[in-house]
Amino acid sequence: MAEGGTTLEQTPTWVVAVVCSVIVIISLTVERLLHHLGKILKKKNQKPLFEALQKIKEELMLLGFISLLLTVCQGLISKICMPEHLSRKWLPCDPEKDDKDTKTAAHFQAFFSAFSTHHGTGRRLLADAASEGNCPKGKVPLLSTTALHHLHIFIFVLAVAHVTFCALTILFGGAKIRQWKQWEDSVANEEFDAEEVLKTKFTHVHEHDFIKSRFRGVGKSHRLSGWMHSFFKQFYGSVNKSDYTTMRLGFIMNHCRGNPQFNFHRYMMRALEADFKKVVGISWYLWVFVVVFLLLNVHNWHAYFWISFIPFILLLAVGTKLEHIITQLAHEVAEKHVAIEGDLYVKPSDDHFWFRKPRLVLVLIHIILFQNSFEIAVFLWICVQYKFHSCIMGPYGYIIPRLIIGLFVQFFCSYSTLPLYAIVTQMGSSFKKSIFDEHIQEGLVGWAKQAKKNMGLRKAAAKGSNQVVHKDDSSASIQMTNAQSEQNSAIDQDGNNASEIVPDTAHK
């Protein structure tokens, strides 16, 4: 395989040793840091975050395999040829402008090639030129070695950007949710007040802060105003104290009525940490998005500009839906009651969610974060690889809005959408396993496995006993049949003997 540059045969050994040492040291340092971080998380009983770290390691392993595959197959891929006219279709840059640049590059390339040949080296300075030499006239390589190298870097930048921005989103969103802990503490202090507990309390529904801020009346016009209110509510004070305390009490009354001192805030944080493990990974359908986005990056289509609106629109739709679920919970109470005994609480239900699936919201947030990471990763990759003024970057009128949208999505998802998701998705018909502490979860899992094993043993024992009983019954029936046959034969024989004796006696 002809390639540009010197080979290991002509490279000083100390250079090879130094480069290998640096790469190995960096790799081992990163691996030890991840291992040490995992030990810290396990020591602090942060099992969800530890599992998220394991997920990051899996993504790094996948990246390593992709890197190895591209490195091993780059020579084979560069030898695949295609007709030259196909290489002029669906280009990310203007072909006419590229023709001028190509002629200029070819002129300098020919000059340096002649210069190097004159000095006896005979090497090609560019790997692309070597690749073109493998194809017959009228054909070009399917993908040059240089393009493969750039693609390799892009995949790495995309994965690192996705993991980084997901971690930042969870970090800032978690900081926002931790501010609600003061509401949890204040409610717990009220519940431990013995005098307040003994008092009989009635709540006027329509005078409650939760109802006054959420209930918009009955009818189509009020329904439309409820959606509009939900849309704008996500931009300011998406969750206030009355929302938190009412939904908290609704969760407790529906799922753990016997434990009024249940720490709802700690449960929310554990559930969010468990969801982080799923968000930080790159699923197969996200890789499909990457391939489609790379396909649509055609000159004058400005695909990346239009694609940047997808996470933006999805983010606003998810935020509006989550706010509207809170509004629906308020409407259910306000339409059924005027006054209730005790504190106001709502009734969680899956009916309020899209397709009755609360987990669908997490999938949409996963797509939002990945697509936004893709946009920012593409921008950083082009700036580093091709510089800011590259034709792939596009006109400034399309670049600036893309950056603004990307930063807005990143900030708004952390500040509003993720906290909304953390509390509203608890308003489903069922609860998550994070409601139990780690040791209880492990105990329940062990108990379920043991119960399943015992059930299998009981079924096997019952089946074996049935077979034994059936076998015993069959043996007994066979013995009874044999005994009956012997008895019948004996009777027949006695009868025959008697018939023989009787005539003789009569004769006498």
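Author: Let's sort out the residue classes before anything else: Ala, Val, Leu, Ile, Met, Phe, Trp, Tyr, Cys and Pro count as nonpolar, Asp, Glu, Lys and Arg as charged, and the others, Gly among them, as polar. This is a predicted model, where local features need pLDDT of at least 70 and side-chain atom pairs count only at pLDDT 80 or more, while totals for chains, interfaces and linings use all residues. Residues are numbered from 1 along each chain as its sequence is written, and side-chain values use heavy atoms, with hydrogens and water left out.

A cavity here is a set of points, on a 1 Å grid over the protein atoms alone, where a 1.4 Å probe fits but cannot get out; lining residues have an atom within 4 Å of a point. Points are joined across faces, edges and corners, and the volume is the space filled by probe spheres set on them. On that basis you get 1 cavity of 30 Å³ or more, and the largest cavity holds about 50 Å³.

So what's around it? The lining is made up of Glu 375, Ile 376, Phe 379, Ile 399, Arg 402, Leu 403 and Gly 406. Sorted by class, that's 4 nonpolar, 1 polar and 2 charged residues. Two helices (DSSP runs of H or I, at least four residues, numbered from the N terminus) matter for this lining: α15 (359-385) and α16 (396-424) each supply at least two of its residues. The largest share, 4 residues, comes from α16.

How values were computed. 1 Å grid on protein atoms, 1.4 Å probe; cavity = no way out; pocket = protein on both sides within 12 Å on 5 of 7 lines; lining within 4 Å.
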